[in-house]
Amino acid sequence: MTPNKPEEGRGPQAPGAQDEGEQEPVVVRDRRRIDPETGMRRPAEGDEPEDAGGRTGEVTDSMSGTLDDELAQVAAEAEAVENAAEATDEESSSDAEAQLRRQVDELTADVKRVQAEYANYRKRVERDRDAVVNNAKASIAESLLTVLDDLERAESHGDLTGPFKAVSDKLTSALTEAGLESFGKEGEEFDPSVHEAVQHDTSPEVDGPTVTTVLRRGYRFGDRVLRPAMVGVTDHEPAAGGDGDTVAADSQDETSEQG
């Protein structure tokens, strides 16, 4: 047998065809996004790798600077708002305090005015009540004046004795304690406001208008005159002899002066 000769006209064989029994090596590619060893995110395929001091640092620095500026701006705005709020609070508090003071002053003035009005009202009520009581007493006493006149006439005639005199004394004492006062006595100076003159005479024994006769006693209750006293009045009269002597002396003096 003749040995096999290589066929002419054939080109060289491929390198992989020399050892048909040899296999290509298996390549395992890890497509996990998170690196199990570092825990960092892996860049996706097609992304350009970034070095530690490259663009990532620049972006981080840029973001950090922007955030710092924004935080500083927000802090400044917050401080400005806080200052404005404090100023507003101070102004509002001062205005509120001034308003409260005005209200307190107004209320104090109102209270004082009400107290003064109440005090005046109470005094007026008390004065009116006393006036009503006094008027009532005066009316009762005035209605008993005729009784007192009868008792006085009976006493002057000597008829006021025994139990009748005791009753008269009690009545007179009760009216005097209530405020009834009698006036009109002989020798008093004539007062037209409390005396009613029904007789008039002259005498050199008096120096001026004088009550010389009491026809009916007068009465007053407090400051109120219930009835004037009915009296006879005697006025002063110069002596006739004394006037003649005075005229004669004056005439004699004039004659001597002429001589």
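Reader: Among contacts between residues at least 6 apart in sequence, what share joins residues at least 24 apart?

Author: In this predicted model, 62% of the contacts between residues at least 6 apart join residues at least 24 apart.

Reader: Which elements does the chain contain, and in what order?

Author: The chain has four helices and six strands. Along the sequence they follow the pattern α-α-α-β-β-β-β-β-β-α.

Reader: How much of the chain is buried?

Author: A residue is called buried when its relative accessible area is under 20%. In this chain of 259 residues, 12% are buried. The chain exposes about 21,200 Å², and carbon and sulfur atoms supply 51% of that area.

Reader: How should I read a nonpolar core, and which residues make up the largest one?

Author: In soluble globular proteins, nonpolar side chains tend to be buried together. Here the largest nonpolar core has 12 residues: A138, A141, L145, L148, L151, A154, L160, L175, L180, Y219, F221 and L226.

Reader: Which residues does L160 contact, apart from its neighbours within four places in sequence?

Author: L160 is in contact with L151, A154, E155, K165 and S168.

Reader: Which residues are included in the second core?

Author: The second core is separate and has six residues, among them F183, V194, V231 and V233.

Reader: Is H195 buried or exposed?

Author: The test is the cut-off of under 20% relative accessible area. H195 has a relative accessible area of 6%, so H195 is buried. This residue lies in strand β2, which covers residues 195-203.

Reader: What surrounds H195?

Author: Setting aside neighbours within four places in sequence, H195 is in contact with F183, G184, E188, E189, F190, V211, A229 and V231. With E188 there is also a polar contact between the side chains, at 3.3 Å. F183 and V231 are included in the second core.

Reader: Why does Y121 count as partly exposed?

Author: Partly exposed is the class between buried, under 20%, and exposed, over 50%. Y121 has 45% relative accessibility, and therefore counts as partly exposed.

Methods: Residues are numbered from 1 along each chain as its sequence is written. This is a predicted model: local features need pLDDT of at least 70, side-chain atom pairs count only at pLDDT 80 or more; totals for chains, interfaces and linings use all residues. Side-chain values use heavy atoms; hydrogens and water are left out. Buried means under 20% relative accessible area, exposed over 50%, partly exposed in between (1.4 Å probe, protein chains only). Helices (H or I, at least four residues) and strands (E, at least two) are DSSP runs, numbered from the N terminus. Contact means heavy atoms within 4.5 Å. Accessible areas come from the Shrake-Rupley method with a 1.4 Å probe; for residues, only the protein chains shown count as cover. A polar contact is a pair of N or O atoms within 3.5 Å; within protein, one must be able to donate a hydrogen and the other to accept it, and residues adjacent in sequence count only if both atoms are side-chain atoms. A nonpolar core is a set of buried Ala, Val, Leu, Ile, Met, Phe, Trp, Tyr and Cys residues joined through side-chain atoms within 4.5 Å.
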